[in-house]
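Here is a short briefing to read with the model open beside you. Take a look first, and then we can walk through it together.

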Amino acid sequence: MSTALAPATTAAVALRQVTKTHPHGVRALDDVTVEVPRGSFLAVMGPSGSGKSTLLQVAAGLDTPTSGEVLLDGTAIGGLDETRRTELRRDRIGFVFQAYNLLPALTVAENITLPLRLAGKSLDRAWVQYLVDRVGLGDRLDHRPAELSGGQQQRAAIARALVARPAVVFADEPTGALDLHSAAEVLDLLRDLVDDLGQTVVLVTHDPAAAARAHRALVMADGRVVDTLDHPAAADLAGRLVALREG
Amino acid sequence: MFALALRLARTRLTASLAVLVAVLGGAAIVTGTGVLAESGLRSHLPVDRLAGAEVVVSADQTVQPSADLAVALPERGSVPAALADELAQLPGVQSVVPDVSFPAAVLDPAGDVVATTDPVTAGHGWSSVGLLDDPAVTGTPPTGPREVAVDTEMAAAAGVAPGDPVRVVLAGRTSDARVTAVVPAGAGVLVADDRAAQLAGQAGTVDLIGLQVDGDAEAVADAVGPLLPAGTIVSTGDARGDVALPEAAAARSLLVVLAGSLMGVPLLIVGFVVAGALAVSIGGQRRELALLRAVGTTPRQLRRLVAGQATVVAAVALVPGIAVGYLLAGQFRRLLVHVGVLPDALPLTVGPLPALAAAALLLGVVQVAARGAAWRTSREPVTQLLADSRTGPRTPSPGRHRAGLLLIAAAVPLSVPPLLVQSPIGAASTSLAGIVAAIGLALAGPLLLRRVTGGLARRLPAGTSAPAWLAVANLHGYALRSAGAVTTLAMAVVVALTYTFAQTTVIDATAEQTRAGTVADATITAPGLGGIPAGLVDDVQAVPGVEAVAPVSSTTVLWPMRLLGEEELSAGPALVLPPAGAGVLDLDVRDGDLADLTGATVAVGSGAAGARDVGVGDQVQLTLGDGAAVEARVVAVYGRELGFGSVVLSADLAAGHTTGGLADSLLVRTDGDPATDRALAGLTDRPGVTVSGGGVAGDRPAAPPEVWINLAVIGVLLGYLLLGIANALVAATAQRRGEIATLRLTGTTPRQVRTMMRREAALVSGAAVAAGVLVSAVPLALLGLGFLDRPWPSGPGWLLPATALVVIGIAFLAIELPTRSALRSPPADALASQG
């Protein structure tokens with residue numbers, strides 16, 4: 001399976017000295033610099049309110065930074081209007097959310113191929129078939145999301161995130177609503193995609209076990225990156241989080 | 001529970017607002033109608049001319065059917081004159097004033113008629129000054145045939161004072177007289193008592209007897225009661241106003257009839273709009289409700305909570321709504337006065353009853369509708385609910401679909417009456433049939449829409465843009481939600497088409513029958529004189545070139561009918577025609593001959609005759625406009641019932657049973673020679689006489705007044721309906737923030753979202769117009785066949801395009817504005833706030 005990606009010289013996502021201040025003066029991101037190399041799996045951890053969700057939204061172009069620069073697949077997203085940012089997201093980013101966010105009115109197949117349809121791109125049937133088989137929903141394509149289990153819905157959302165061959169997939173607490181077994185399945189799937197397809201994945205989570213599947217984990221607190229661990233072990237991560245809470 | 005309900009209502013502001021507006025408008029409509037009904041039952045005309053007589057004895061001007069509301073009669077009845085002497089003997093009675101009336105008018109020095117409010121009954125005997133509150137008389141009583149007294153208003157207008165000569169027209173005869181006295185305003189033209197009895201043509205009877213009493217009027221009235229013969233009543237206080245002018249009092253009972261006929265359709269629409277708004281509001285809270293169920297709220301408690309929440313909102317809306325209702329009733333009274341069906345003097349009764357009725361009715365509707373809307377959510381297993389509330393669309397139930405199809409089918413027999421009865425009542429069933437079908441459409445809509453959009457989705461060409469494809473997919477996937485929008489808009493189309501066309505078709509069919517049936521080419525009237533003056537018929541007949549002339553009047557007749565084993569009694573208009581009438585009117589006689597209208601005879605419309613199974617030669621029992629029961633022989637059956645009414649009385653039969661006794665108009669057929677027309681026009685140099693081209697039978701308007709009133713009502717109703725629909729649509733669209741945010745996160749540009757929503761608006765409004773037209777087609781076709789012998793109705797051609805434009809405009813605005821607002825917030829925030 002050919003999964004030609006852009007040359008590895010530029011990072012898939014880069015945040016340079018990014019600060020995000022909310023209207024009430026809360027500093028959600030405080031001078032954050034992060035680089036996500038292509039083909040890597042990055043986990044962002046931290047307690048609630050640490051700024052990890054803001055990091056994801058700014059990095060994905062869903063929100064604009066108060067200061068600093070965000071490069072998405074080599075393109076600076078500052079100064080783009082909402083439509084251009086949407087188009088950039090559509091072309092370069094895949095999203096996976098805690099609440100799946102599939103469109104209830106569409107079938108599984110229609111949900112998965114929606115990004116292509118919206119971009120006016122032709123359907124690469126072999127690629128879609130590969131994805132569908134990969135997430136194990138080959139026999140569920142004509143069902144509506146309501147007829148699937150949570151794990152199945154999240155796997156459909158992952159296939160949708162990948163269908164446009166994005167530069168990076170952002171996953172925001174993708175296992176938050178799943179039981180242990182389904183959560184493990186989803187996390188394994190994400191890691192396999194990184195290993196097999198060289199897909200860049202950014203995972204935001206508070207679960208050390210989930211973060212342990214990543215190549216690298218950032219630990220955030222009060223809008224800053226306070227720790228970086230390569231090939232983290234769940235136990236180490238849990239220790240860091242506990243330390244943060246006590247400190 | 002109440003505090004929780006309040007908080008829930010506040011969190012869904014847009015939806016609560018829709019419920020608020022629906023209840024507010026509904027309360028206004030119900031209260032307004034209620035005020036009209038209460039006024040019809042309880043309002044009294046001002047006592048005016050009878051203010052000086054504390055107790056009044058008069059003929060009972062109402063007919064009481066066995067189980068229905070009393071029917072008020074417009075023509076003056078009479079009481080035996082001998083009763084006056086008997087009443088004078090009663091203790092407490094100071095004086096007794098018998099009163100008669102006759103048509104009277106005063107001419108000013110230029111020979112023009114001095115305008116008065118009611119010339120038909122302006123003439124009275126001198127003793128009637130005793131009825132006045134303020135018997136301030138300047139001058140001496142008139143005696144003999146050449147003396148009159150006039151009231152101050154007339155005296156001022158004619159420029160006369162006691163002692164001056166004046167020309168008067170009394171009971172249709174012009175004469176010169178001398179003014180002996182000026183009496184207070186409103187007293188009319190007074191002559192010596194014996195002459196008044198002569199002019200009124202009443203021997204041994206009077207119109208009414210006024211009693212001036214010492215002390216307690218009620219006590220005297222109680223004493224009077226046992227002395228009265230049957231068909232005679234005694235009135236005191238405000239009730240005296242009703243017996244002064246029977247015609248005006250009869251118009252009052254029209255208010256009750258009107259309120260009754262108004263109630264049906266508006267109530268259906270109020271229920272429809274309120275239920276629609278509540279369905280949207282409760283639909284938007286399914287997630288909260290599911291969570292409430294999950295934490296242990298029982299189905300019953302949940303329904304109570306939802307109903308409580310709706311009741312809070314409704315209660316807030318009721319107060320302004322009821323206030324608006326009272327204002328609306330005032331406006332409506334002005335309209336009724338303007339079209340001439342209600343005397344200006346009749347005030348509205350403003351009491352608390354309509355407000356209480358509106359509050360009870362709307363709170364009832366809200367409770368039922370809210371519980372109904374929450375029924376499914378309250379009954380389903382909690383796990384199912386939580387899954388559903390996250391993923392949205394539900395499958396429409398087949399039972400609901402079948403009930404809807406049944407209602408649509410039931411509309412067909414409901415559309416049939418116009419084929420059988422060509423009357424406004426027959427036409428009214430057309431709009432009812434349309435609305436019933438539209439309600440059926442609302443029930444069957446989701447499944448129908450799912451099928452249609454399913455077919456559409458399969459047939460979409462490969463190159464269809466993503467927004468258009470999404471629009472179809474949304475309508476299909478959210479069939480329940482989309483059908484709500486389609487069917488409410490379709491309801492607006494149905495109401496606009498069936499209600500308006502039913503009225504305009506009756507108007508046009510009536511006008512056509514009147515036109516086709518009138519072979520006269522000139523009409524002569526003398527409204528200022530209280531009727532056609534004596535001798536004018538002979539003078540017109542003598543004009544060379546006049547081929548036929550006939551005096552024509554309109555009156556009221558009650559013709560009982562057995563309907564479903566019960567006696568139906570409703571007053572209907574009737575023409576009064578002499579045998580010569582056959583020469584000026586072509587009533588499309590099917591059997592018999594109008595020339596036989598002499599003695600106790602009538603001609604009847606074929607529809608009315610068929611319903612009562614009578615024909616030429618049969619005897620029928622009628623109650624005339626003054627309450628007299630008569631038996632008459634049918635001498636003709638005619639077809640043009642809509643244009644001329646169901647009954648034609650012979651002039652002989654009606655004589656003595658109409659107020660004033662003079663004919664309303666003369667219909668004249670000429671040889672068409674301009675010289676004849678000139679000669680006829682020359683008659684206008686007689687005082688008070690007007691000649692107009694063409695013929696109008698009696699003073700009948702082109703269409704019954706209720707038709708015009710209905711047209712006014714539809715304006716109010718449509719405005720309410722459209723407002724309710726727009727609100728519900730805005731609320732429903734505002735609830736799609738989460739869906740829009742998800743689309744944007746999936747890569748839909750704001751522009752694509754807007755395009756998708758516009759496509760949806762186009763599909764929704766297109767489907768609504770198509771469904772509305774389809775559902776209205778059968779009732780309107782049958783209406784056309786019944787009234788015009790062609791399978792389409794008559795009315796303004798712009799109605800359909802205008803309705804379609806309004807519906808499309810509302811759909812676009814109500815979807816576009818909330819969409820724009822949803823697009824303004826960042827998609828991630830929108831999703832986060834969805835919970």
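Which residue stands opposite Leu72(A) in E5(A)? The residue is Thr75(A). This is a predicted model, in which local features need pLDDT of at least 70, side-chain atom pairs count only at pLDDT 80 or more, and totals for chains, interfaces and linings use all residues. Residues are numbered from 1 along each chain as its sequence is written, while chains are lettered from A and ligands numbered from 1 in the order in which they are written.

**Chain A overall**

- Chain A has 8 helices and 10 strands; these are DSSP runs numbered from the N terminus, with helices (H or I) of at least four residues and strands (E) of at least two.
- Its radius of gyration is 18 Å, close to the 18 Å that the globule rule gives for 247 residues, so chain A is as compact as a globular protein of that length.
- That radius is taken over C-alpha atoms, and the globule rule is 2.2 Å times the number of residues to the power 0.38.
- The C-alpha trace of chain A spans about 50 × 40 × 35 Å along its principal axes.

**A sheet in chain A**

- Four strands form an open sheet in the order E2-E1-E4-E5 (chain A), with antiparallel pairing; two strands pair if DSSP finds at least two bridges between them.
- At the edges are strand E2 (27-36) and strand E5 (75-76) of chain A, each pairing on one side only.
- Strand E4 (residues 67-72) of chain A runs antiparallel to E5(A), and 2 bridges join them.

**Where chain B touches chain A**

- The contact takes 23 residues from chain A and 28 residues from chain B (C-beta atoms, placed from the backbone, within 7 Å).
- Among the helices that each supply at least two residues of chain B's side are H12 (382-391), H24 (737-745) and H27 (827-834) of chain B.
- H16(B) gives the most to that side, with 6 residues.
- By class, the side of chain B that touches chain A has 13 nonpolar, 11 polar and 4 charged residues (Ala, Val, Leu, Ile, Met, Phe, Trp, Tyr, Cys and Pro count as nonpolar, Asp, Glu, Lys and Arg as charged, and the others, Gly among them, as polar).

**H16 and H25 of chain B**

- The axes of H16(B) and H25(B) come within 8 Å and cross at roughly 50 degrees.
- Residues making this contact include Leu470(B) and Leu475(B) of H16(B), and Met756(B) and Leu763(B) of H25(B).
- By class, the contact of H16(B) with H25(B) has 8 nonpolar, 3 polar and 2 charged residues.

Methods
Two residues are in contact if their C-beta atoms, placed from the backbone, lie within 7 Å. Axes are lines fitted to C-alpha atoms, for helices over the stretch in contact, and angles run from 0 to 180 degrees between N-to-C directions.
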